[in-house]
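Open the model in your viewer and keep the selection tool ready. We will go stop by stop.

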Amino acid sequence: MPFWAQILAGLVLGVLLGWLARSQDISWLVTTLEKVGDTFIGLLKLAVAPLVFFAILVSITNLRKVNNAARLASRTLLWFMITSLIAVAIGLAIGLVTNPGSGTGLTPADGAKPEHTGSWIDFLTGIVPTDVITPFTELNVLQIVFMAAVAGIAALQLGEKAQPILNLSESVLELLQKALWWVIRLAPLGTVGLIGKAIATYGWDLIGKYATFTADIYVGCAIVMFVVYPTLLATVAKASPLQFFKGAWPAIQLAFVSRSSVGTMPLTQKVTERLGVPKEYASFAVPFGATTKMDGCAAIYPAIAAIFVAQIFGIDLGVGDYLLIAFVSVVGSAATAGLTGATVMLTLTLSTLGLPMEGVGLLLAIDPILDMMRTATNVAGQALVPVIVSAREGLLDRKAYDEAHASPIDEPEREKQDAEPVPVAA
C-alpha cells in the first residue's frame, strides 16, 4: 500500500475509533489512542534538538559548494518574506470579511493568560543561550539555531582545519535522518492515535463554537497552498503546479499529521531534491525554512487570531494595527521554530498590538485541530521556495521535476552517490 494511502487509512480509522470512544465513553480506547499519538510525537521530538543543530550547521557549510551562495541565500530569504506577506494579507482579508469573533458566545471570562508569553524583548534576548546544554534539554529551537549558525560560520572561516568536524557532523546528520526515517514510517499508526485522540477529546461540540474561526484558518491555508503557490509556480518558476504537488505531497501529508515542520524536515528535503532542486542548495534552504518559514503558523493564523481576540474583547483595530500584524508575521516567524503549536507567535502578536493575553486561552483548546492545516501549509511553502529560487537561477533540473512521482518513502533508497560534491553552475 502506498505511503499516502496508509496515511489516509490512518485518518479514517482514527476518526472512527475517536468517534466510537467518545460516543460509547470507552475510556481505555481514549487512553490507548492518546498513548499511541503521544509516543509518535515523542519519537519525532526526540530527534529535534540534534537534528536542527547538525542540519543548520551542515546546511551553512554546504553553501561553500554552491556558486553564488550569498545570492542564493538572499533570494531564499526574499521569497520567504514575499510569500509570508501574501499569506498574512490573505489572513487579514478573511478575518475582516468573516468577523470570526462575532456570535461565538465566548466572553473575555472564558480566556486565561498562558503560562509563557512572547514579547520582542524575550524574543531578541532569548536568541542567545546562557549555556550550551539548556537549549537542548529544554528544546529551545531558536537558541539551537543560533548556536548552529555560529558554529557553521566559524567552520567556514576555519576552512580545512574544520574539515574533521564537518565530516563528523555530516555523518551524525545522516544517522539522525536514518533514525527519523524509521519514525516517519510509523506515521500511519501515529495518525490513528493523533486523530483519534482529537475526536475523542474534543468531538464536534468544540468546533461548533469556533466554526467560523476554524473555517477561516482552513480556507486561508487552502487559498495560500492551492491558489497562491500554484500561481507563483506557473508565473515565476514556469513550472507545473500539479507536478509540484505530486512530488511534494508526501511531506505535506506527513506535516498535516505530525504537526511538526522539523519532524517532517528529512522528508521535505528528499521531496525537494526529487523535484529537481540541487542537493547542495536544498540542504541549506529546507532546514533554514523548517525553522523560519511559517506561512500557516506565523502569517495566516496570527492575523485571523488577532482579529478574533479583538472582537471577543470589544477592541477596534486600525490600519496601523494591521500593518503591525504584517510586520510581526514577516520578522517574528522564527519564534515558532518548527515545533507543534504557534502559541509563542500568537502571544508575540498580541503583545505587540496591546491585546489581552487572556485571548490566547480562548484558542488553546482548538489549537491541535488548527495546527494540522497550518503545518501542512508551512511545509508546502518550505518546499516551494527552493523550487522557485532554483528555477529563477537556472539551477532547477526540469527533467527531474517533470518526472517526480509517488512517495520517496515507498521506494528503497538509492545507493549513495559519490561523496565528492559536484559544484552547481550558476
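A residue counts as buried when its relative accessible area is under 20%. Keep that cut-off in mind. This model is predicted.

**Stop 1: Thr191**

Select Thr191, which is found in helix 9 (residues 187-202). Is Thr191 buried or exposed? Its relative accessibility is 0%, so Thr191 counts as buried. Now show what surrounds Thr191. Setting aside residues up to four places away in sequence, Thr191 touches Ile7, Gly10, Leu11, Gly196 and Val257.

**Stop 2: helix 1**

Two of those partners lead us on. Ile7 and Gly10 are among the buried residues of helix 1. Select helix 1, residues 3-23. Its buried residues are Phe3, Ala5, Ile7, Gly10, Gly14, Gly18 and Ala21. Next, check the length. Helix 1 has 21 residues and reaches 30 Å from its first C-alpha to its last. That is close to the 30 Å expected at 1.5 Å a residue. Then step past the end of the helix. Helix 1 is followed by Asp25, whose phi is positive, near 55°.

**Stop 3: helix 1 against helix 2**

Two packed helices are described by the angle between their axes and the distance between the axes. Which residues make the contact? Helix 1 supplies Leu17, Gly18, Leu20 and Ala21. Helix 2 supplies Leu29, Val30 and Leu33. Of these contact residues, 6 are nonpolar, 1 is polar and none is charged.

**Stop 4: Leu43**

Stay on helix 2 and pick Leu43, which lies there. Leu43 has a relative accessible area of 31%, so it is partly exposed. Now draw a distance from Leu43 to Ile184. They are 141 residues apart in sequence, but their C-alpha atoms are 9.4 Å apart in space. Leaving aside neighbours within four places in sequence, Leu43 is in contact with Val183 and Leu186.

**Stop 5: annotated stretches**

Colour the stretches that the unreviewed UniProt entry annotates as "transmembrane region": residues 39-64, 76-97, 179-202, 217-237, 298-317 and 323-348. Look at two of them. Over residues 39-64, the chain is 88% helix and 0% strand, with the end C-alpha atoms 39 Å apart. Over residues 298-317, the chain is 75% helix and 0% strand, with the end C-alpha atoms 19 Å apart.

**Stop 6: helix 14**

Select helix 14, residues 279-292. How far apart are its end C-alpha atoms? They are 20 Å apart, which agrees with the 20 Å that 14 residues should span at 1.5 Å a residue. Helix 14 is mostly covered, with 12 of its 14 residues buried. Among them are Glu280, Tyr281, Phe284, Pro287 and Thr292. What covers them? The cover includes helix 3 (48-62), helix 4 (69-98), helix 7 (141-158), helix 13 (261-274) and helix 19 (367-392).

**Stop 7: helix 16 against helix 17**

Finish with another pair. Select helix 16 (residues 319-331) and helix 17 (residues 343-353). Their axes come within 10 Å and cross at roughly 145°. Helix 16 passes helix 17 in a right-handed crossing. Show side chains for the contact. Asp321, Leu324, Ile325, Val328 and Ser329 in helix 16 meet Met345, Leu348, Thr349, Thr352 and Leu353 in helix 17. The contact residues divide into 6 nonpolar, 3 polar and 1 charged.

Key:
Residues are numbered from 1 along each chain as its sequence is written. This is a predicted model: local features need pLDDT of at least 70, side-chain atom pairs count only at pLDDT 80 or more; totals for chains, interfaces and linings use all residues. Side-chain values use heavy atoms; hydrogens and water are left out. Axes are lines fitted to C-alpha atoms, for helices over the stretch in contact, and angles run from 0 to 180 degrees between N-to-C directions. Helices (H or I, at least four residues) and strands (E, at least two) are DSSP runs, numbered from the N terminus. Contact means heavy atoms within 4.5 Å. Ala, Val, Leu, Ile, Met, Phe, Trp, Tyr, Cys and Pro count as nonpolar, Asp, Glu, Lys and Arg as charged, and the others, Gly among them, as polar. The expected span of a helix is 1.5 Å times one less than its number of residues. Buried means under 20% relative accessible area, exposed over 50%, partly exposed in between (1.4 Å probe, protein chains only). UniProt positions are given in the numbering used here, feature names are shortened, and annotations may be inferred rather than shown by experiment. A crossing is left-handed if the near helix is turned anticlockwise from the far one by less than a right angle, and right-handed if clockwise.
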